[in-house]
Amino acid sequence: MATMITNECISCGACEPECPNNAISQGETIYVIDPKLCTECVGFHDYEACAAVCPVDCCVTDPNNVETEETLIARARALHPDVTFGDNFPSRFRKGQGGSPAKPPAKAAAAAPAAGDGSAASSPPSASPSPSAPPEPEVEFVPLPPVDSWTIPIRCFKCGQVHVEPVGSFVIGNVIFCPHCNKSMVVGENLNYHIRTLLEESYERWEREQREFQARREKEWKEFLERRAREARAFEAHQRDELEKLRRQLEAIGESYDAPGKPLKKGSRFAWG
């Protein structure tokens, strides 16, 4: 089955660089996987790399796109003609048989208490949990250059040639000479106003958007962690309830069992004298 990304995606981008086939890209609202490029990491890993790093477990197999290992490795070979895939290539179909290491196994669950006499009985190991959520990717904000480092191209109204002047030259009353024809022009209030206003508004908007973006990311990350914590507590409570239910069922079986030769209670209305 090709891997797909569900609507639970928070667009963290952790999956995109992990794909060996560049099959993952940013969609309109969430990241998407191109099924024509997806090989479920067959040939590279014995697990699906995108699912391994996804903090919300939204990289899942697509039940409507079932593909065999032979189809997936053939696609991998077609996508990577420069890579040699041996017969013992890594694959989720043959997990643990070589190639890239599989995800670390989970620790076995503690033994559950048996019903009745209080003796302990070993319970089956719990299923492997999803990998720990990676830290939120850091954003490398593009730095703003110093305001006075900008230059502005000016077309001479006499010779028509373009010459570049530093932004600091556009002060009201300053005279700028064309290096091609030596024609002069005086910086007027209107030109100065447009340049100064554009820079001021652009720098203010840049810094505001950056602050808002960072605040939004921090809020969404906090909400995500809180939701995951609530889900974990709810599932833990569910498992405790199921464990207690199992204990009661086992006790009921033991108490109600009619062993062969068990004497009837005296005075029973259905007992024969």
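## A buried ion pair

Both R75 and E67 are buried, where buried means under 20% relative accessible area, exposed over 50%, and partly exposed in between (1.4 Å probe, protein chains only). Their side chains meet in a salt bridge, 2.5 Å from N to O. A salt bridge here is a side-chain nitrogen of Lys or Arg within 4 Å of a carboxyl oxygen of Asp or Glu. By this rule the count comes to seven salt bridges.

## Basis of the model

This is a predicted model: local features need pLDDT of at least 70, side-chain atom pairs count only at pLDDT 80 or more, and totals for chains, interfaces and linings use all residues. Residues are numbered from 1 along each chain as its sequence is written, and side-chain values use heavy atoms, with hydrogens and water left out.

## Overall layout

The protein chain has three helices and eight strands. Both kinds of element are DSSP runs numbered from the N terminus: helices are H or I with at least four residues, strands are E with at least two. From the N terminus on, the order is β-β-β-α-β-α-β-β-β-β-α.

Of the 273 residues of the protein chain, 25% count as buried. The chain exposes about 19400 Å², an area from the Shrake-Rupley method with a 1.4 Å probe; for residues, only the protein chains shown count as cover. A contact means heavy atoms within 4.5 Å. Among contacts with a separation of 6 or more, residues 24 or more positions apart account for 54%.

Strand 5 (residues 151-155) and strand 6 run antiparallel, joined by five bridges. Two strands pair if DSSP finds at least two bridges between them. I154 stands opposite H163 in strand 6. Six residues separate the two strands of this hairpin, and G160 in the turn has a positive phi of about 80°.

Side chains alternate along strand 6 (residues 162-166). H163 and E165 point to one face and are buried.

## Helix 3

Helix 3 has 68 residues and reaches 99 Å from its first C-alpha to its last, close to the 100 Å expected at 1.5 Å a residue. The expected span is 1.5 Å times one less than the number of residues. Buried residues in helix 3 include N192, Y203, R217, W221 and F224. Strand 5 is part of what covers the buried residues of this helix.

L243 also lies in helix 3 (residues 189-256). With a relative accessible area of 42%, L243 is partly exposed. L243, L246, L250 and I253 form a nonpolar surface patch, with about 370 Å² of accessible area together. Patches are made of residues with over 30% relative accessible area and no salt bridge: like charges are joined within 9 Å, nonpolar side chains (Val, Leu, Ile, Met, Phe, Trp, Tyr) within 5 Å.

Which residue forms a salt bridge with R228? The partner is D57, with the closest N and O atoms 3.6 Å apart. R228 lies in helix 3 and D57 in the loop between helix 1 (49-53) and strand 4 (59-61), so the pair ties together parts 171 residues apart in sequence. R228 is partly exposed at 26% relative accessible area, and D57 is partly exposed at 34%.

R247 and E251 meet in another salt bridge, 2.4 Å from N to O. Both lie in helix 3, four residues apart, about one turn of the helix. Salt bridges that share partners join E244, R247, R248 and E251 into one network.
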